[in-house]
Amino acid sequence: MATVATQEVSSKKLWGGGMEPMKASYGKLMMWFFLLSDAFTFSALLITYGLNRFGAHAYDPKQHGAEFSFSTEYWPVPDHVFDAIPFFHGLHAPLVFVGIMTFILIMSSVTMVLAVEAGHRMDQKDVEKWMMWTILGGFTFLGCQAWEWTHFITGTEGHGTLMKVFSDGKWITKEVVGANLVENQYGPPLFADLFFFITGFHGTHVFSGVILNILVFYNTTMGVYDRRGHYEMVEKVGLYWHFVDLVWVFVFTFFYLV
């Protein structure tokens, strides 16, 4: 009887509310659920890109000529699309700028780890310092992405691509410079569509993360978390920020390396 009574008490204690599954608070658990659903969304987008990428023709020097040129007949080569650097017009530097962007975002994840660690020590000044560096890293990444989008949209004068477009009821051949959702200098229009949608979707997440980090930084400076006796909110926004960084690694791999 004593064993049965003990089991009943334990059952009530387990399912009666107020418990923390896996020692995670309600806020952390909800953040994990959100990140899981967001991972499904990004996975669907990247799988869509992969299917279209490998379903399209690839550049073949034997078939298309030894010297690469942009064409709607095959998928563009990232080394030739993303080869520009600000203030170095005409310099061919494949993936250097996007490599710098990636480094900045990864380093902002490191500073976020340091902010979380400082929160565990209840060190308000260190949390403020590392959150500020994380915010600066996020803004720098967004600024770099804005420049990359601008260069991608405006294109390179003198290196346009001849493509057929439907205008005034008939097909005509015209030179296309830059890219938008209809025309694309660098290759099939679908490449530009997916680039804008996926990198833009990720950029929106980065911007949202920066706003959240600013709010947490403000609360930290006002002593909100010090009065609460814990810095769990820093951990929760840290989970989101690390997720955004991890997703960029996959976006970088799919768009710039494959």
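Me: Are Phe141 and Trp248 buried or exposed?

Reply: Both Phe141 and Trp248 are buried. Buried means under 20% relative accessible area, exposed over 50%, and partly exposed in between, with a 1.4 Å probe and protein chains only. The model is a predicted one, where local features need pLDDT of at least 70, side-chain atom pairs count only at pLDDT 80 or more, and totals for chains, interfaces and linings use all residues. Residues are numbered from 1 along each chain as its sequence is written, and side-chain values use heavy atoms, leaving out hydrogens and water.

Me: What is the mean pLDDT of the protein chain?

Reply: pLDDT is the predictor's confidence in each residue, from 0 to 100. The mean for the protein chain is 86, and 88% of its residues reach 70 or more. Helices (H or I, at least four residues) and strands (E, at least two) are DSSP runs, numbered from the N terminus.

Me: Why is the pair of Phe141 and Trp248 called edge-to-face?

Reply: Rings of Phe, Tyr and Trp (its six-membered ring) pair if their centres lie within 6.5 Å; planes under 30 degrees apart count as stacked, over 60 as edge-to-face and the rest as tilted. The whole structure holds 27 aromatic pairs. In this one the ring centres are 5.1 Å apart and the planes stand at 80°, so the pair is edge-to-face. Phe141 in helix α6 and Trp248 in helix α9 (residues 232-257) are 107 residues apart, and the pair links distant parts of the chain.

Me: What makes Phe195 and Phe196 an edge-to-face pair?

Reply: The centres of their rings are 5.8 Å apart and the planes are at 65°, so Phe195 and Phe196 are edge-to-face.

Me: Why does Phe195 count as buried?

Reply: Phe195 has 0% relative accessibility, so Phe195 counts as buried. Phe196 has a relative accessible area of 11%, so Phe196 is buried as well.

Me: Which side chain of opposite charge is nearest to Glu128?

Reply: The nearest is Lys125, 4.2 Å away. Lys and Arg count as positive and Asp and Glu as negative; His and the chain ends are not counted. A salt bridge is a side-chain nitrogen of Lys or Arg within 4 Å of a carboxyl oxygen of Asp or Glu. Glu128 is buried yet has no salt bridge. Its place is in helix α6 (residues 124-154).
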